[in-house]
Amino acid sequence: MKNIQSQRYPICILSVSLVQVALFLIITICSSSSTLLLSAEAALIPPARFDGFVYNKAVHGEDTIAIEAFFDPVCPDSRDAWAPLKSALQHYGSRVSLVVHPFPLPYHDNAFVTSRALHIVNSLNPSATYHTLELFFKHQEKFYNKQTHELSRATIVDQVVKLVADATGNTSLSALESGFNNRKTDLMTRVSFKYGCTRGVFGTPFFFVNGFSLPDSGSAIDYKGWRNIIDPLLVAQGQKNEGAHRSFL
């Protein structure tokens with residue numbers, strides 16, 4: 001992938017050494033924070049609810065194929081990965097569930113603010129969370145490093161709020177603005193990043209199926225690829241259920 005000053009970012013992957021550095025910085029920052037800040041952050045680890053956003057309010061049953069996706073809203077590879085994954089979800093229906101975890105990569109300047117926006121929207125209107133993610137993917141270039149390097153953080157947040165208001169309704173504009181002043185949404189976004197680190201995530205997109213990571217992380221999987229992954233699992237489930245039925249008889 002080309003240099004970040006061109007139309008696309010470099011491959012959205014962190015090397016293992018960079019992950020170690022990131023974790024070291026997290027520990028250093030946390031250790032130097034005030035007691036009050038540590039108390040507030042510690043209260044969210046483990047978080048009160050499982051990290052991530054459930055797609056289409058899917059219910060995870062015993063035989064449901066569970067997909068977890070780690071996306072950076074301003075990562076081109078995450079954007080390219082979404083359409084084929086969404087098509088696969090529509091094909092399989094209730095047989096497959098999805099949880100998306102925001103994973104803001106540190107070299108994407110606006111990854112954290114857009115990931116935080118997802119948490120804010122999810123707290124205001126969970127049904128709009130995925131629409132918001134798709135808005136970020138659609139208008140992603142507005143938030144690339146080169147396009148925003150001369151903008152202040154306040155200006156970028158204002159642009160994010162106005163864009164996200166399209167997903168949640170203009171009446172939520174003040175609520176969105178308040179969300180960026182709420183320490184809890186900041187901490188929730190940090191928890192998402194830390195959760196990804198605990199799972200060994202080092203880039204985006206990064207996928208897990210039934211708890212196991214897929215190879216070729218950092219690259220989009222096309223629709224055929226998802227069919228090749230999921231179909232054999234459903235066949236194996238069918239064989240298992242059929243065998244159990246014969247044993248019962």
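A salt bridge here is a side-chain nitrogen of Lys or Arg within 4 Å of a carboxyl oxygen of Asp or Glu. A search of the whole structure finds seven of them. The model is predicted, so local features need pLDDT of at least 70 and side-chain atom pairs count only at pLDDT 80 or more, while totals for chains, interfaces and linings use all residues. Residues are numbered from 1 along each chain as its sequence is written, and side-chain values use heavy atoms, with hydrogens and water left out.

Start with Glu 134 and Lys 86. Their side chains meet in a salt bridge, at 2.8 Å from N to O. This pair links distant parts of the chain: Glu 134 sits in helix H5 (residues 129-138), Lys 86 in helix H3 (residues 76-92), 48 residues apart. Helices (H or I, at least four residues) and strands (E, at least two) are DSSP runs, numbered from the N terminus. Glu 134 is partly exposed, because its relative accessibility is 25%. Lys 86 is also at 25% and counts as partly exposed. The cut-offs are under 20% relative accessible area for buried, over 50% for exposed, and partly exposed in between (1.4 Å probe, protein chains only).

Next comes helix H7 (residues 153-168). It holds both Asp 158 and Lys 162, four residues apart, about one turn of the helix. Their closest N and O atoms are 3.2 Å apart, in a salt bridge. Asp 158 is partly exposed at 33%. Lys 162 is exposed at 52%.

Helix H9 (residues 183-198) carries Asp 186 and Arg 190, again four residues apart. Asp 186 is buried, at 9% relative accessibility. Arg 190 is partly exposed, at 26%. Arg 183 joins Asp 186 and Arg 190 in one network, through salt bridges that share partners. Between Asp 186 and Arg 190, the closest N and O atoms are 2.9 Å apart.

Now turn to the nonpolar cores. Such a core is a set of buried Ala, Val, Leu, Ile, Met, Phe, Trp, Tyr and Cys residues joined through side-chain atoms within 4.5 Å. The largest has 46 residues, and Phe 71, Leu 85, Leu 98, Val 160, Phe 207 and Trp 226 touch the most other members. Elements that each supply at least two residues include strand S2 (65-71), H3, H5 and helix H10 (223-248). H7 gives the most, with eight residues.

Trp 226 has contacts (heavy atoms within 4.5 Å) beyond its neighbours within four places in sequence, among them Ile 67, Leu 85, Tyr 92 and Phe 207. A second, separate core has nine residues, including Phe 70, Phe 103, Tyr 195 and Phe 206.
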